[in-house]
Amino acid sequence: MKKILKSTLAIVAVFAAFTSCNNSSKSSNSGALSSNNAEKVYVAPGEHDSHYAFISGGYSGNLTVYGLPSGRMFKEIPVFSQFPTNGYGYSEETKPMLETSYGFVPWDDSHHPDISQTKGKLDGRWVFINGNNTPRIARISLTTFETEEIIEVPNSAGNHSSSFITENTEYVVAGTRFSVPIPQKDMSIKDYKGNFKGALSFISVDPEHGHMDIKFQVLMPGFNYDLSHPGRGKSHGWFFFTTYNTEEANSLLEVNASQNDKDFIAAINWKKIEEYVNNGGGTMMPAEYAHNVYDDNTHTATSTMKKEVRVVNPTEVPGAVYLIPTPKSPHGCDVDPSGEYIVGNGKLSANLTVHSFTKMLDAIKNEKFAGEAYDIPILNFEDVLAGSVEQPGLGPLHTEFDGQGNAYTTFFISSEVVKWKLGTWEVIDRKPTYYSVGHLTIPGGNSAEPFGKYMFAMNKITKDRYLPTGPEMEHSAQLYDISGDKMELLLDFPTHGEPHYAAAIPAEIVKNNSRKIFKLAENEHPKKALSDADTKVVRDGKNVHIYMTMIRSHFSPDNIEGVKVGDKVFFHITNLEQDFDVPHGFAMIGARNAELLIAPGQTRTLTWEPQKVGVWPFYCTDFCSALHQEMQGYIRVSPASSDIELSWSLGE
Ligand code: RUQ
Ligand code: CUA
């Protein structure tokens, strides 16, 4: 034990030396880019970027939208976290989005966005992203740039090998990082080995509306499932998951989960399991998980609690699950555009391992197995190996592809991106990153047709790249031109939260579908008010419902009396504007939630519980017109015992 600890510490020390060496040496080309490079990222005032980048917000729980090549941030889309900037998760309409089987969970750790595909190409309809902490998958519309749906994933913990989609968006896949007792129960942690299980969830996506439903979960051995990618082209129908901790250790994993020379990539023939399930296979198991759906017409989300899930034991479906030995605690699991090569990024391995899908099928056909784990056949490493990139760097994490036969791998420890050739496995180029790169993204990099012009690296440590902002700096991305043989660093730009993966797409696939307004005529919100005639204040016991409108530059009504201490006031506010980019805000003094930012044609509800007698103002928070400062109103709050009748007015 002592010896193991010592050798691990030695490895860590070597890594640390590499990291610090890299971090302290100033790059030769930083701060001295040729003007040619500056032109490549310059988007003149009023002109548009050529690509959207959807960058995960990590522990912000959200998704940010950037332009490439400028690196300008356009928007933060709230997904798993309450967002006071627009009232997401605070308004009555959006609160149900954050419901889970644990109750209201207003935060998560979002990692890997993936854009929907049709025939292996990005179609720009939706972005999916995972919540890592309280396992969830979200679907974001690329028409409204709003979160439309969140489904919780039961039997899962640390929903990390997610959310990756198949080539026709048949499934969005979610794999558990932590194995757990399934079903959960009170048991000794020490009995982990052999008793815990890892659920890999296949969530079907309705081709028209995008609605998600858990089709089945494969209950795998109790390893850690780290990342995953779909097969495509010839390997369409399969899904690949990296595993680590095949040792099934339950403590001090940095040592105990680094013992095996090889862990596995689990290859799942989901088509086969789908067929099995369609014929009634699998078992319905009691489970509790929330399914939250937002409707653009009612402008309201609903949350439903689901009660069971279909589970499949891999041994029930012979020929559906295999384990491919892969050195050594692999992180990223990346499939090339042709679907032939599966890259296992072994974090502690000297070489980068690439498996061959064709060889895998041959080995399966010849039934040449190296053994089995929990009755799942293990293939021979050498039988499946396509090749390996010899000593490309230290600490490989993720690989992307340019569609020109090249792969790009990030190395966390040696802090660089390395370009290498598929098939010959030779290293073509390497460029340092500043510093400690995690993920990287090429637009369309996870599809059959990448758009290989740009690559950007998302770095964990920012240090001296920007003006200091106290002990904590935002993370930093670096944009490279990859159109030539050598990668060229073009730009540093700060990112928000902790970007893990990002998904990027040419702007023309998305921008023309972007919604400008919500049509008032299509507003089906039950508490909408479409004109002054619809505005009113209604008492229902202690609840007071205010049906209100907003338009430049007033609220209707703007004087309200008859509200009492102890009431619960609901402001149901409809923005009557029908012009692009004219939201109004609403803020109420003392409200213990947030503002509302209401898009043209939309209805939103803010709850306020007045605590003090007096006359209290509300106002518009968004500078909407020359008379924005005049956009305000008052509510009179009387004592609980008062008998003042409700009344409301606008003007005389
Ligand atoms: S994983 S680098 Cu989710 Cu690599 Cu972050
Ligand atoms: Cu409406 Cu300011």
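In which sense do E6 and strand E7 (residues 121-131) pair, and over how many bridges? Select both strands: E6 and E7 pair in the antiparallel sense over four bridges. Strands pair if DSSP finds at least two bridges between them; strands (E, at least two residues) and helices (H or I, at least four) are DSSP runs, numbered from the N terminus.

This is a predicted model, in which local features need pLDDT of at least 70, side-chain atom pairs count only at pLDDT 80 or more, and totals for chains, interfaces and linings use all residues. Residues are numbered from 1 along each chain as its sequence is written, chains are lettered from A and ligands numbered from 1 in the order in which they are written, and side-chain values use heavy atoms, with hydrogens and water left out.

Four of the five residues of E6 (residues 114-118) are buried, so the strand is largely enclosed by the rest of the structure. Buried means under 20% relative accessible area, exposed over 50%, partly exposed in between (1.4 Å probe, protein chains only).

Most residues other than glycine have a negative phi, and most peptide bonds are trans. Go to the loop between strand E29 (427-432) and strand E30 (437-441), where Tyr435 is found. A cis peptide bond joins Tyr434 and Tyr435, with omega about -10°. Ser436 is in the loop between E29 and E30 as well; its phi is positive, about 55°, and Ser436 is buried, with a relative accessible area of 1%.

Move to Ser329, in the loop between strand E19 (321-326) and strand E20 (330-335). Ser329 has a positive phi of about 55° and is buried, at 4% relative accessible area.

Then select Ser163, in the loop between strand E9 (147-152) and strand E10 (164-165). The peptide bond from Ser162 to Ser163 is cis, with omega near -15°.

**The whole chain**

Zoom out to the protein chain, which has six helices and 45 strands. Its C-alpha atoms fill a box of roughly 85 × 65 × 50 Å along the principal axes. Of the 652 residues, 59% are buried.
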